[in-house]
Amino acid sequence: MSSAPLQPILRPHPPSSISSFSSPRRTQPSPRARPCRLAAAREMPWPHVLTVAGSDSGGGAGIQADVKACAALGAYCSSVITAVTAQNTAGVQGVHLVPEEFIRKQLNSVLSDMSVDVVKTGMLPSVGIVRILCESLRKFPVKALVVDPVMVSTSGDSLSDPSTLANYRDELFAMADIVTPNVKEASKLLGGVSLHTVSDMRDAAASIYKFGPRYVLVKGGDMPDSSEAIDVFYDGKEFIELRGHRIKTCNTHGTGCTLASSIAAELAKGSTMLHAVRVAKNFVESALDHSKDLTIGNGPQGPFDHLFRLKCPPYNIGSQQRFNQDSLFLYAVTDSRMNKRWGHSIEDAVKAAIEGGATIVQLREKDAESREFLEAAKACVEICKSSGVPLLINDRVDIALACNADGVHVGQSDISARKVRELLGPGKIIGVSCKTPAQAEQAWNDGADYIGCGGVFPTTTKANNPTLGFEGLKTVCLASKLPVVAIGGINATNAGSVMELGIPNLKGVAVVSALFDREHVMAETRNLRSILTNALCSV
Ligand SMILES: Nc1ncnc2c1ncn2[C@@H]1O[C@H](COP(=O)(O)OP(=O)(O)O)[C@@H](O)[C@H]1O
Ligand SMILES: Cc1ncc(COP(=O)(O)O)c(N)n1
Ligand SMILES: [Mg+2]
């Protein structure tokens, strides 16, 4: 897949267009030098999305949805209002356009002062507005442009003059990183072709791609009733069908705006496009699920609750930090029985592993009492945080939430990664144990960040664990769109041979007994780390 998670977006933009993700935060110096208020203060980045869209008086779609979605996902959201609509759950009763020169003024105010990462567009009701936006983007380049070509509301009301179609296609799409039409909009953009099947959505995505965006997402929320809500993602080479559960609810007003601004928020946080789209789709699905029985208004299409997570302690708004795949290099997995055998506390074992060079730690405490485990986990969170090493918890989402760990690792018979993502939010790390390509595909679809694959060698740590060998490992790695850490019977004697396989997405090895069923955990870790580093250098 060309857009593996967490890699910078690779396809270079045409020269006239906005800057690439791989470039630094700003490609051009800010036109106005920022006065230094606190010279010595460390700059705290705050991912910033600017939405250029219409106001929805009912509060469910448009600017209001964008601001809530960005807030829910941890991004700052500024807004340029293109139109004010009189709208409610029954439909759109009126549209009042903001004068074009005043839209230019708003754009100038925001873009000349603030470091905007991503611009997201919604309702752009006139040709002049599209033109002004393109001019502003050329003057003030941003990292990415997300275009939601809003033309008709879900209620069927027109939100854009038909004359804007050509200028959307010819000017704005060529500058866009992603364009996200729903099926009706895709049809309009393509001169009225009808879209009834997923195959039609693929054809439409390929045709829209030719207008110049880097990626296209044709959304299937309004496709005929089925148990799934399917969107089609296209990167110019491969079509990916993003399948989610279709939530049975009338509260779908604003899904399109929310999806696009969530993509923008994730891009602003540094995600790759496909990852951003997956997080955004999961977010919409979760929000609809939490809001399916809410009632606001008397019309057929109600709004939903973007901030549903505020009602689910512990107020998880997602972290600003994305998962770094390189942290899988030397993955230390603790085992309480081994620690007991050697008289080590969990904290001491973790400290020693980190001092020896472990790059990520998982607490796998199968026999521990919850209260005792939580206390140890809290102490380990502090130890790991001070060393910049992520700490994951095996299985126990409750413990991970209670100690604010960096993530959770689950097996095939545990709670699903999709559910874990819903519980932990978009910013946490989720790993899944996988033995087959199908399981790897499922982990990817569920929004996991990495997979653990094994047992590579026979192991005594886990009962009834079939051995995959190098061939099984290679098969799963090749099929996996996620980074992989190899596990199962790996020790100082065989770890080098695993890394020497040279499989691109095999990022490291996970080790239990070879580190923790030993007296000197730090020395063992240090030794293993140097073996891995040497093996990597020899590939
Ligand atoms: N009932 C639903 N259940 C789950 N996801 C949905 C539902 N309706 C829409 N979606 C999702 O919401 C996002 C926005 O899609 P859509 O509603 O088609 O866009 P628009 O609001 O622009 O018409 C898509 O990811 C789509 O799959
Ligand atoms: C101001 C404004 N912008 C966009 C939409 C589309 O949202 P949806 O397709 O979910 O009705 C809308 N109804 N109002
Ligand atoms: Mg919708």
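The model is predicted: local features need pLDDT of at least 70, side-chain atom pairs count only at pLDDT 80 or more, and totals for chains, interfaces and linings use all residues. Residues are numbered from 1 along each chain as written, and side-chain values use heavy atoms, without hydrogens and water.

Start at ligand 2. Around it stand 15 residues (near means a heavy atom within 4 Å). G54, Q87, T154, H253 and G254 come nearest. Among the shell's suppliers, β1 (48–56), β2 (76–88) and α7 (255–268) each give at least two residues (helices, H or I, have at least four residues and strands, E, at least two, as DSSP runs). The shell divides into 5 nonpolar, 10 polar and no charged residues, with Gly counted as polar.

Now the polar contacts (N or O pairs within 3.5 Å). A polar side-chain atom of Q87 lies 2.7 Å from a nitrogen atom of ligand 2. H253 places a polar side-chain atom 3.4 Å from a ligand oxygen. G254 uses a backbone N or O atom, 2.7 Å from an oxygen atom of ligand 2. Alone, the ligand exposes 360 Å², and the protein buries 96% of that (Shrake-Rupley method, 1.4 Å probe).

Turn to the rings. The structure holds 10 aromatic pairs (centres within 6.5 Å; planes under 30 degrees apart are stacked, over 60 edge-to-face, the rest tilted). The ring centres of F323 and Y450 are 5.9 Å apart and the planes stand at 35°, so this pair is tilted. F323 sits in the loop between α8 (273–291) and β10 (330–333), Y450 in strand β15 (residues 450–454), 127 residues apart. Both are buried (under 20% relative accessible area, 1.4 Å probe, protein chains only). Elsewhere, ring pairs link Y168, F173 and F211 into a cluster.

Note on methods: Chains are lettered from A and ligands numbered from 1 in the order in which they are written. A polar contact is a pair of N or O atoms within 3.5 Å; within protein, one must be able to donate a hydrogen and the other to accept it, and residues adjacent in sequence count only if both atoms are side-chain atoms. Rings of Phe, Tyr and Trp (its six-membered ring) pair if their centres lie within 6.5 Å; planes under 30 degrees apart count as stacked, over 60 as edge-to-face and the rest as tilted. Buried means under 20% relative accessible area, exposed over 50%, partly exposed in between (1.4 Å probe, protein chains only).
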